[in-house]
Amino acid sequence: MSLATLIEDQRLIICVGSGGVGKTTTAAALGLAAAKKGRKVLVLTIDPARRLANSLGLRQFGNEETRIQLAEEIDGELWAMMLDTRSTFDALINRVSPDDDTRTRILNNRVYRHVSDSFGGSQEYMATEQLYEVVISGRYDLVILDTPPVKNALDFLESPGRLVQFLDKRILSWFLAPYEEKRVVGRLFRGTSAVVFKLLGYIFGREFLDELAEFLFIFRDLYDGFRERHEAVISLFSTPGTTFTVVCAPNEPSVAVARYFLAELAGRDMPCAGVLMNQMHPTLGHEIQPADVLTGIAQELSSDLSEHTATQLMARLGANHRRLLGLSRAEQALARSLGQLLGDSQRMWQVPRLEGEVHDIDALGRVFDRVRQVNEFPPRSTTE
Amino acid sequence: MLTGKGGTGKTRVAAAMGLASGEAGRRVLVVEVDAQRSALAEAFGTPISDTPTPVASNVWAANITFKPALRDWLDRTVRVSRIVGMILNNPMVSVFLDVTPGAREIVILSAVVGHLDNFDQVIVDMPASGHAVGMLKIPDTAHRLMRSGPIHDRAGEIMSVLRGPDTAMGIVALPEEMVVNETVELFENLGQILPDLKVPLVFLNRCAAPTMTDDEHKLLARLSASSELSDEARELLLAGRWDGELERATADSLGRLHSEIGVTVVPFPRLGVLGGFQGGPVKVTQQMASALRRRMLTEARKAGEQ
């Protein structure tokens with residue numbers, strides 16, 4: 001798949017990778033590139049730190065889809081949105097509740113309130129929910145998802161499963177059995193389960209279990225709704241038009257994470273376009289002596305500056321360049337090692353590092369200006 | 001505990017701290033929490049597991065994951081091994097614990113805190129910023145939500161450790177504008193959720209000391225603006241501007257961290273001509289540990305003189 005295909009033909013792109021590799025910037029840059037092709041794009045970030053706003057030059061944007069101001073000559077539209085767990089959860093309850101009474105009871109349940117906004121994992125539960133909602137709404141030609149760093153990104157893939165598992169009827173009926181029996185015949189059930197249940201009560205505290213039971217009694221009826229949702233999300237991931245893209249930087253820890261992601265995605269049969277390697281330092285590939293190429297002009301331009309400025313700068317540039325060259329060679333070796341893992345249809349795009357930080361639309365538009373698609377990764381030669 | 005934006009080198013700082021502290025004679029355990037792929041193993045150059053493995057003199061490392069932490073937790077709270085086995089082997093309970101939001105985090109934090117009994121110091125490589133904040137909120141939530149029982153009690157104990165005089169959080173950052181923004185934001189968030197948790201240090205990785213003179217900056221700018229440069233000349237100048245940019249960004253970041261949150265900043269220089277690749281990951285950990293050790297010795301000497 002070429003970068004053009006990725007930008008012009010896909011309907012859902014999920015960017016995964018470790019932190020600090022420019023994933024958010026990449027998501028936004030892909031979005032902008034697609035908008036320039038006339039598409040209506042939403043960039044969705046579920047990262048708790050508000051990075052996307054930063055890279056789009058926006059101070060703050062919340063759970064609402066917010067349109068990013070683009071130059072007038074751009075036909076498409078770029079929208080951005082942060083995931084807010086609590087309000088997404090509430091919206092979900094509103095939608096799946098059969099009646100007002102059920103809805104009010106859930107929204108006021110203490111366990112629900114804690115689960116929906118403070119317990120770990122809810123964020124990932126809700127990310128898929130939100131993702132599904134915006135993709136299915138048909139409001140956008142392309143949705144780009146920026147996921148949090150590695151561990152949580154995998155939770156994100158598993159999250160619909162975890163939520164639905166929680167509401168699985170077998171587990172619910174096991175857990176709720178003592179409460180059911182209490183209601184019906186006024187006595188607790190017997191056997192191993194009763195002992196284990198007592199232990200759970202001991203571990204979690206009976207009050208918590210009681211409140212949890214109330215929460216689950218209400219939720220039980222919603223199980224089918226959740227399951228359908230979960231299946232829909234899973235099928236969304238394997239629909240043509242959806243692709244994962246691994247984003248990484250040319251350093252060892254990030255490449256190790258990228259390697260892990262490629263294997264995980266392949267293992268889960270998830271479509272993956274390939275690897276986008278950011279922050280590359282391209283060079284001509286050989287040592288350059290500043291004295292040979294710059295001394296004349298440097299002397300000329302430094303006539304009004306303090307003595308030795310030109311000499312000092314030449315020495316510095318020589319050192320700067322040797323460092324750059326070493327860095328570039330190490331980066332190429334890493335890129336090659338990762339490239340050899342790519343499948344036939346997968347590509348690697350090397351994105352050169354830009355001067356200055358990317359935090360406005362103009363800089364974002366330049367991210368892919370000098371992108372290089374690498375298709376061949378010859379095995380490492382023995383002389384290296 | 002150490003946290004910070006992803007990609008800033010938290011794990012490396014945690015590992016280096018462990019080595020420096022071990023060299024100072026303390027028995028240290030460095031842990032990562034619930035890592036699916038151990039980054040500490042790479043930093044130490046040796047495989048690690050859920051139980052402390054020696055990685056250097058006085059230094060152990062472990063990756064605290066849910067299942068072993070759960071056993072540890074049950075042993076600690078239930079105490080009767082037959083019952084612990086019954087709970088662990090009951091498929092319903094295991095699913096219940098696996099999916100109850102927050103259970104995972106509280107069990108893992110409990111295991112981390114438990115190691116304080118066996119070591120002089122435990123260094124925790126926490127998840128990245130927002131996720132670390134999420135994790136640290138959980139003991140308080142659990143303490144309030146479960147009004148009795150061992151989780152309630154244990155959550156209370158974990159909170160007193162977090163708030164205690166012997167616990168501190170360090171933030172790892174890079175000299176980049178966005179990273180400094182997130183560091184400031186994180187510092188404020190931590191202050192809101194755990195006002196008693198001390199956050200005395202920011203570690204600034206990959207710094208370049210500002211050595212370039214104003215005249216050199218001027219000349220570099222003039223050269224860059226001149227037309228008719230060869231590709232080779234352009235590349236030299238780009239290399240110069242990138243390094244100049246890093247020097248400036250280092251100075252800006254140090255200034256902002258000082259004025260906006262006022263913590264002590266520990267800078268680590270960018271390492272080696274290859275920007276950190278030379279000698280592999282373990283060598284980098286060792287170099288950073290030496291830098292920390294020198295700083296510790298200097299501080300100790302200064303304290304002695306006063």
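Select helices α3 (residues 66-77) and α6 (residues 103-114) of chain B in this predicted model. Their axes come within 9 Å and cross at roughly 70°. Angles of 65 to 115 degrees count as roughly perpendicular, and α3(B) and α6(B) are therefore roughly perpendicular to each other. The crossing in which α3(B) passes α6(B) is left-handed.

Next, show the side chains where the two helices meet. On α3(B), pick B:Phe66, B:Ala69, B:Leu70, B:Asp72, B:Trp73 and B:Arg76. On α6(B), their counterparts are B:Arg104, B:Val107, B:Ile108, B:Ser110, B:Ala111 and B:Gly114. Coloured by class, the residues of this contact divide into seven nonpolar, two polar and three charged.

Move on to helix α9 of chain B, residues 177-193. This helix has 17 residues, and the distance from its first C-alpha to its last is 25 Å, close to the 24 Å expected at 1.5 Å a residue. Which residues of α9(B) are buried? Select B:Met178, B:Val179, B:Val180, B:Glu182, B:Thr183, B:Leu186 and B:Leu190. An α-helix has 3.6 residues a turn, so residues three or four places apart point the same way.

Finally, display both chains. Here 73 residues of chain B are in contact with 72 residues of chain A. On the chain B side, select helix α11, residues 231-260: with 10 residues, α11 of chain B supplies the largest share of the side that touches chain A. By class, the residues on that side of chain B divide into 31 nonpolar, 20 polar and 22 charged.

Terms used: Residues numbered from 1 in each chain as written. Chains lettered and ligands numbered in written order. Predicted model: local features only at pLDDT ≥ 70, side-chain atom pairs only at ≥ 80, totals over all residues. Helix = DSSP H or I, 4+ residues; strand = E, 2+ residues; numbered from the N terminus. Expected span 1.5 Å × (residues − 1). Buried ≥ 20, exposed ≤ 12 C-beta atoms within 10 Å, placed from the backbone. Axes fitted to C-alpha atoms, helices over the stretch in contact; angles between N-to-C directions. Parallel < 35°, antiparallel > 145°, perpendicular 65-115°, else oblique. Left-handed = near helix turned anticlockwise from the far one by under 90°. Contact = placed C-beta atoms within 7 Å. Nonpolar A, V, L, I, M, F, W, Y, C, P; charged D, E, K, R; others polar.
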